[in-house]
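I set down here, in order, what I looked up in this structure.

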Amino acid sequence: MEKSYKEIMPQITTFMFDVDGVLTNGMIHISSTGELTRLMNTKDGFAMKAALIAGYNVCIISGGNNEGVRKRLEGLGIKNIYLGAHAKIELFNDYISKNNIKPEEILYMGDDLPDFPVMKLVALATCPKDAVPEIQGISNYISQKKGGLGCVRDVIEQVLKVQGKWGDNFNA
């Protein structure tokens, strides 16, 4: 019998996230000068920072390549940021090898087909409420929040609560 997502959460040490459609709503604003901008949710940012402070690994693997996104994520303290990633599986394998992390310890959140290969390998595959059907079909957990609207906070908060670490570091 397959484990429920709550039964997998105690073993999670590492969070991996896509950007567009997960940390953002998937929409890109194009300015008159051609600059591409995105909106990110501060609650998602708070949760990622809380996870880092609590000792979790946080890794970003995204096909997008926006320096504003990189600066925002670095500002939260995230060091493992892979942008312009079109072969996500290669970067996933490189990251877990270099950091001695097992797939059984990883929660990955994605929303579209480029995330599929990695999501098939991790212990806890998750997605936002508005992910494409193929991704929803392989997810252990579908957040009730849409991409860019708190889905990252949702999964991080649940894992930290299950492990008794939510609220420990909010004054840090």
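Entry 1. Which strands does α7 lie across, and at about what angle does α7 run to β1? I found that α7 lies across β1, β6, β7 and β8, and that α7 runs at about 170 degrees to β1. Helices (H or I, at least four residues) and strands (E, at least two) are DSSP runs, numbered from the N terminus. For the angles, axes are lines fitted to C-alpha atoms, for helices over the stretch in contact, and angles run from 0 to 180 degrees between N-to-C directions. Contact means heavy atoms within 4.5 Å.

I note the basis of these entries. The model is predicted, so local features need pLDDT of at least 70 and side-chain atom pairs count only at pLDDT 80 or more, while totals for chains, interfaces and linings use all residues. Residues are numbered from 1 along each chain as its sequence is written, and side-chain values use heavy atoms, with hydrogens and water left out.

Entry 2. I then looked up the sheet. It is an open sheet of six strands in the order β5-β4-β1-β6-β7-β8, with parallel pairing. Two strands pair if DSSP finds at least two bridges between them. The edge strands are β5 (80-82) and β8 (141-142), each of which pairs on one side only. Strands of a sheet pair through backbone hydrogen bonds, either parallel or antiparallel.

Entry 3. I followed the pairs through the sheet. β4 and β5 run parallel and are joined by three bridges, with Ile81 of β5 as the bridge partner of Ile60. Strand β1 (residues 14-17) is joined by four bridges to strand β4 (residues 57-61), again in parallel; there Asn57 is the bridge partner of Thr14. Four bridges also link β1 to strand β6 (residues 106-109) in the parallel sense, and Met109 is the partner of Phe17. Between β6 and β7, which run parallel, I found three bridges, and Leu107 stands opposite Leu124 in β7.

Entry 4. Which way do the residues of β1 point, and are they buried or exposed? Thr14 and Met16 point one way, Phe15 and Phe17 the other way, and all are buried. Buried means under 20% relative accessible area, exposed over 50%, and partly exposed in between (1.4 Å probe, protein chains only). In β6, Ile106 and Tyr108 point one way and Leu107 and Met109 the other, and all of these are buried.

Entry 5. I looked at Ile106 of β6 in detail. Its relative accessible area is 0%. Leaving out residues up to four places away in sequence, Ile106 touches Ile12, Thr14, Met16, Phe92, Ile96, Ile101, Val122, Ala123 and Leu124. From Ile106 to His29 the separation is 77 residues in sequence and 31 Å in space, C-alpha to C-alpha.

Entry 6. Thr126 is in strand β7 (residues 124-127) and counts as buried because its relative accessibility is 1%. Beyond its neighbours within four places in sequence, Thr126 has contacts that include Leu107, Tyr108, Met109, Ser139, Tyr141 and Val155.

Entry 7. Next I took the helices. Helix α4 (residues 88-98) lies across β1, β4, β5 and β6, at about 155 degrees to β4. Two packed helices are described by the angle between their axes and the distance between the axes. Helix α2 (residues 42-53) and helix α7 (residues 151-162) pack at about 30 degrees, with their axes 7 Å apart. The contact is made by Lys43, Asp44, Phe46, Ala47, Met48, Ala50 and Ala51 of α2 and by Cys151, Val152, Arg153, Ile156 and Leu160 of α7.

Entry 8. Gln158 is found in helix α7 and is buried at 11% relative accessibility. Residues touched by Gln158 are Tyr5, Lys6, Met9 and Tyr141, not counting those up to four places away in sequence. The C-alpha atoms of Gln158 and Met9 are separated by 8.0 Å, although the two are 149 residues apart along the chain.

Entry 9. How many disulfides are there? A disulfide is a pair of cysteine sulfur atoms within 2.5 Å, and the count by this rule is zero. The sulfur of Cys127 is 8.7 Å from the closest cysteine sulfur, in Cys151, and so is too far for a bond. Cys127 is buried at 0% relative accessibility, and Cys151 is buried with a relative accessible area of 0%.
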